[in-house]
Amino acid sequence: MKMPPIISKRRKVQKLTVGEKKQIIDFMKSNPKEKMANVAKIFSDRLRKDLNKMRISRIKNDEQNIVGASEYS
């Protein structure tokens, strides 16, 4: 018996602006003990976008570029 193919639904990519990323970085600086999962939940609600802890981690790792871009614009 053949199994039907697994069809995953396509996710709509929700881009964050430099300003939104900067908000997340500023929040994490002022709340260093906050877990990434909690930060993701807070900003998912605040920005009404689907964020997870992996995305927050990437933003944190790219902090220098984001801060530089926010100062430039």
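**Helix packing exercises**

Helices α1 and α4 are oblique to each other; angles under 35 degrees count as roughly parallel, over 145 as roughly antiparallel, 65 to 115 as roughly perpendicular and the rest as oblique. The model is predicted, with local features needing pLDDT of at least 70 and side-chain atom pairs pLDDT 80 or more, while totals for chains, interfaces and linings use all residues. Residues are numbered from 1 along each chain as its sequence is written, and side-chain values use heavy atoms, without hydrogens or water.

**Exercise 1.** Describe how α1 packs against α4.

*Step 1.* Take the axes (lines fitted to C-alpha atoms over the stretch in contact, with angles from 0 to 180 degrees between N-to-C directions).

*Step 2.* List the residues in contact (heavy atoms within 4.5 Å). α1 gives V18, K21, K22, I25 and K29, and α4 gives E63, I66, V67, A69 and S70.

**Exercise 2.** Describe how α1 packs against α2.

*Step 1.* The axes of α1 and α2 are 11 Å apart, at an angle of about 140°.

*Step 2.* α1 and α2 are therefore oblique to each other.

*Step 3.* From α1, the contact uses E20, Q23, I24, F27 and M28; from α2, it uses M36, V39, I42, F43, R46 and L47.

Note on methods:
Helix = DSSP H or I, 4+ residues; strand = E, 2+ residues; numbered from the N terminus.
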